[in-house]
Each structure stands twice: as C-alpha cells, then as structure tokens.
Amino acid sequence: KSFEASNFIEEIIIKDLQDGRFNYVQTRFPPEPNGYLHIGHAKAIVINFEIAKKFGGKCNLRFDDTNPTKENIDYINAIIDDVKWLGYDFGDKVYYASDYFDEMYELAKKLIEKGKAYVCNQSPEEIRQSRGTLTQPGIESPYRNRSVKENLDLFEKMKNGEFKEGECVLRAKIDMSHPNLNMRDPVMYRIIKTPHHRTKDKWCIYPTYDWAHGLEDSIEKVTHSLCTLEFEDHRILYDWFLDELGVFHPRQIEFARLNLTYTVLSKRKLLHLVENGYVNGWDDPRMPTIKGLKRRGFTRDSIVDFIKTIGVTKSNSIVDYALLEHCARQDLNKKAKRAMVVQDPIKLIIENYPDDKVEYLEAVNNPEDESYGKRLVSFSKELFIERNDFAIDPPKGFYRLKVGQEVRLVFAYYVVCTGYETDENGNVVTVRCTYDPNSKGGWSLDARKVKGTIHWVNAKDYLDVELRIYDKLFLKENPEETEEEKDFTSNLNPNSLVIKLAKAEKSLLEAKDFENFQFLRLGYFCKDPDSTKNHLIFNKTVDLKDSYSK
Ligand code: ATP
Ligand code: MG
Ligand code: MG
C-alpha cells in the first residue's frame, strides 16, 4: 500500500514502513488520570487516532497511572467518556500502566544485574544539587558503586516497604557528566506509601515517567510513540532504557503542544480554578476541558475540525481562540435548529390585530438544511421584541423600529410603528404598531421594500428561560503574564458569566440536553443539563458574528 504524508510525523512513519523498521503502525493516547482532558489533549487524541486510522493500525487508550497521590477513578471514567464523545474507538480494552508494574519490576532487576542501576540513599534535594548544570558536570553519588548483590537486596527491601518515603530511590547508572542532564543517573523508582486506585497497597514503589513510559509503549508493541516537545530532551533516555533491556523498541516523535489565547491548558492550573471556586467545576462552560466545551455547545465535529485545521508542527505557537469559535460557527450553522428568543424584552402591541386571535405561523427550522423541516410559532396582538430593536431618536441608517418606519416581523407580517410609552424614568416599556394583514409570511404582493427584519416572541404564549452569556475566562491573551507577586488568577475576567432572563418560543420545551440552537440574531446556544422542566437554561456558545481573521 502506498501512503501520502500530510505532516512530518506521517513522513517519518512512511519511511519506517519503507525501511522495514516496522511493518504495521500502532499508536497510543496515554493520559495520566489526574484531571479532566482539555482541548490540548484533544490535539493528541486526534493526531494519534487519525494516524492509526490512516495506516490501518490501532490506537490504545492507556492510563499512565504511575502516581497514586494525584489520580483517581473519577478521572479515569471522565477520560474514557471524553475520548468516546470525540468519536474515537479504542476497542474493548483499556490499558493501564499499573498492569505492567510486575513486569517493570523484573526489568529493573535486570538492569541492576547488568550493573546499570543502583539504590541511592541521597535525599531528593541532594540528588537535585549533585546533578550539575549545562556547563558543569554532576557529582557521582556515594552509593553509586554498590555491588549488584547489595542493590538487588536493597531494591527488594524497597519494594517490601522496609524503608520510609524519601529514604532511597532506584537510579539508572549512566553518566554524571553527560551533556544531557536527563542522562545523569535519573531516578527510576521512588517510594510512595499511598494506596493506588487499582493496585491498592500491593506496591509502595512507583516508576517515574522516564522509566515507565518506554516500557509501556514497548509492552504494547506501539510502533510510534507521539508526545509533546518537552519530551524531546528525554528521547535519549527513552532509547537508552529500551536498548539496555533489548526489548521491542518504539520510535518516539515529538510535536508542538497546543496553546490557546485567553486560556490556560494545564491540568494543575485548571484544578486550581476548580478547587478554589473560580469556576463551577471541571465541566463549567468557561473551562477549556472537553466536558466544559461540550456543555458550552461545541460539537465534537467542530473540535476535531479545529485540531485538523491547526495541523501538526514542531514549533510552538499560540493559536487564536477565535479560530476555535470559527470552527464551531461553521458546524453549528449547518446543524443548529433555529428558534426565537428575546433576551432584553419590551412589549410590542399591534393595534389593528384582533384582541383574542391567536394564529400559528410557519417558521423554517434550518435554512441551511431543508430536512430540518418547519415548525408552527404562535402569534398574537402582543409580542415581545428586543429593547434595542426600537429607538426613539435613532441615527441615520437605523432600519428597525422607529415611529413611522415599517419593518418585517420574521415569519409573520410587516408592521409600521405608530408610537411608544415610557415609564416614569423614561424607559420604553411598550411600542405600538399596526400590521398589514396582506403581508403574511413576511412579504407583500406589491414587493415594497422593507429593510429591517426583527425577531419576536408571542407575549401571550411563551416560556421564561435563563440565558447564560459567557465571555472569555481570562482578560489577557496570555493569562500567565501577570504583575509581580500575582498568579494567573489575577487575570480572570470578572464578567465571564452574565445571566439574563429571557422570553422564548414554546418549541424550546422539547429541547434535549446539550442540543444546539441558533437563537435568531442572538447567537448559538445549547441547552444546559441543569435545566428542569420549569426552568430551562441555555448556554451561549458563540456569537453569530465571526471575529476570526487569518
Ligand atoms: P497537563 O500539562 O495539562 O497536565 P500532561 O501532558 O501532563 O498535560 P497527560 O495526561 O500526561 O497530561 O497527557 C496525555 C497526552 O496528551 C500526552 O501525550 C501529552 O503530551 C498530550 N497533551 C497534553 N497537553 C497537550 C497540549 N496542550 N497539546 C497537545 N498535546 C497535549
Ligand atoms: Mg504527563
Ligand atoms: Mg501534567
């Protein structure tokens, strides 16, 4: 089979297939279950699963569950959920690094036997200090030359829980003056006496990322281990472990992380926002988590499309948040049902419309797709319209309601504004008009020009709904840029959520949780799962107007 590369990773893979280094392709997505997935993880998911798909291989979902102090089952379940929601199939089996702890332990003993690993009693602080710098070699540990027998014995005692946390570690014996600091006798195991969510208290030694990751890949026969750029400097160690052990040797390839403007993408920071109540949980619609984006109304297709649009490169950059919104709009324009909601209502009274009459007018559900059909919307003498669709003394070029001007009520009739009433503060409460009974459906036989079209809701037959209008969670393009002594939370936007009580057409009673809508002229919204039958809540996804420019 011949393949065509669409990015540098695929070029490397194709070459590996041609050279015979591998005769199949297998990838993996390896989250640590210490938080919820965010849009950055979506990039890794799309890259890994799409490459497996393209080359006819598989992609494992593997939990890198090597640190029990930060991990739990809820995170595991949420991650499984999110990968499925993004539309990717990882087969029947979910993989866990913790399933390989026995095998890793045996391989560590093998390294000790080869004289390539030793138990070291230096404290974490001493280890750090003796590591040296880029310009200065490190200092060898006084425990470096223990005999194989002593090391095997001490390592077994470590495993059996005979030492305290921090008392000793297992280190690879490589080269304390190696130009790459990661090669200066890196730690392979440390003692952690916290029960693990899967292996319970079977282990009290846990492998470090550098020791564990290559083994996990090797055991699963992954051919291409794709990770982010910060692991580039670790590849030499990844290769060293696998070479020393003589086991199946995957190729590690690094790509640039996703960074987004106005957003932090680090589980640690997102956890900080959740734990300190800056947001209402991991799935708050302002969060860049997959669950947050879903609740905000972003579709899986728009997220995947966004990731494919930004592509795969090896240089770090910051992507404009507006591009993600642009992708959402493109998708929602095709898929979202239309509905009418008035978010800042004033009354419109049609003076020449019969008092008790109610009629049902046809409204198109989606002008982009006929298969969505039509619905009937009720209409009467009293309507709600948006406050800003009327003006007492508008500037030139205002085509909506002002006294004497004719506008189209969408799907309904032409009306001419005849007057208005204000309250004691001068605020408009009611606008009056007359309608042309011969303009039903919003057009007239004489084809006279009506420039403005506005939306409306029947004031005798409507729903009260809550709109949650979101803005960016952070005020700064780069939220990490802070004044001295302050952290990234000082850049939080105090107005990132505004609640509005709005009037909506009755058809929204049938909305399903997470269902997407375009509220005419207001934007895209999605039904929040916290809604009840008597209290519908809609989250604003994005404005209708696109602010993305290339
Ligand atoms: P965080 O910094 O948010 O904690 P992480 O890299 O520690 O992220 P992991 O659970 O280890 O989180 O990530 C699983 C996979 O997702 C890794 O392969 C990692 O490289 C990738 N990944 C994480 N964040 C991003 C990002 N912003 N862009 C692209 N890939 C990412
Ligand atoms: Mg990680
Ligand atoms: Mg992390």
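# Helix α11 and its surroundings

Helix α11 is followed by Gly311, a residue with a positive phi, near 75°. The structure is a predicted model, in which local features need pLDDT of at least 70, side-chain atom pairs count only at pLDDT 80 or more, and totals for chains, interfaces and linings use all residues. Residues are numbered from 1 along each chain as its sequence is written, while chains are lettered from A and ligands numbered from 1 in the order in which they are written. Helices (H or I, at least four residues) and strands (E, at least two) are DSSP runs, numbered from the N terminus.

The buried residues of α11 are Ser302, Ile303, Val304, Phe306 and Ile307. A residue is called buried if 20 or more other C-beta atoms lie within 10 Å of its own, exposed if 12 or fewer, and partly exposed in between, with C-beta atoms placed from the backbone. The cover over these buried residues of α11 includes α2, α10 (290–296) and α12. Contact here requires that the C-beta atoms of two residues, placed from the backbone, lie within 7 Å.

Consider the packing against α12. Helix α11 (residues 300–310) meets helix α12 (residues 321–335) at an angle of about 130°, and their axes are 8 Å apart. That makes α11 oblique to α12. Axes are lines fitted to C-alpha atoms, for helices over the stretch in contact, and angles run from 0 to 180 degrees between N-to-C directions. Angles under 35 degrees count as roughly parallel, over 145 as roughly antiparallel, 65 to 115 as roughly perpendicular and the rest as oblique. The crossing of α11 and α12 is right-handed; a crossing is right-handed if the near helix is turned clockwise from the far one by less than a right angle, and left-handed if anticlockwise. On the side of α11, Asp301, Ser302, Asp305, Phe306 and Thr309 take part, and they meet Leu323, Leu324, Cys327, Ala328 and Asp331 in α12. By class, this contact of α11 with α12 has five nonpolar, two polar and three charged residues. In this scheme Ala, Val, Leu, Ile, Met, Phe, Trp, Tyr, Cys and Pro count as nonpolar, Asp, Glu, Lys and Arg as charged, and the others, Gly among them, as polar.

The axes of α2 and α11 cross at roughly 80° and come within 10 Å. That makes α2 roughly perpendicular to α11. Ala42, Lys43 and Val46 of α2 make the contact with Ile303, Val304, Ile307 and Lys308 of α11. The residues of this contact of α2 with α11 comprise five nonpolar, no polar and two charged.

Another helix pair is α4 (residues 101–113) and α6 (residues 148–159), which pack at an angle of about 160° with their axes 9 Å apart. That makes α4 roughly antiparallel to α6. Tyr105, Lys109, Ile112 and Glu113 of α4 make the contact with Val148, Asn151, Leu152, Phe155 and Lys159 of α6. The residues in the contact of α4 with α6 are five nonpolar, one polar and three charged. The crossing of α4 and α6 is right-handed.

The loops remain to be described. Most residues other than glycine have a negative phi. Lys200, in the loop between β6 (187–191) and β7 (205–207), has a positive phi near 50°. Lys200 is exposed, with 9 other C-beta atoms within 10 Å. Tyr262 also has a positive phi, of about 60°, and is placed in the loop between β10 (259–260) and α9 (267–275). Tyr262 is buried, with 20 other C-beta atoms within 10 Å.

His197 lies in the loop between β6 and β7. His197 counts as partly exposed, because it has 18 C-beta neighbours inside 10 Å. Beyond its neighbours within four places in sequence, His197 is in contact with Pro68, Glu71, Asn72 and Ile73. His197 and Ile73 are 124 residues apart in sequence, yet 6.7 Å apart in space, C-alpha to C-alpha.
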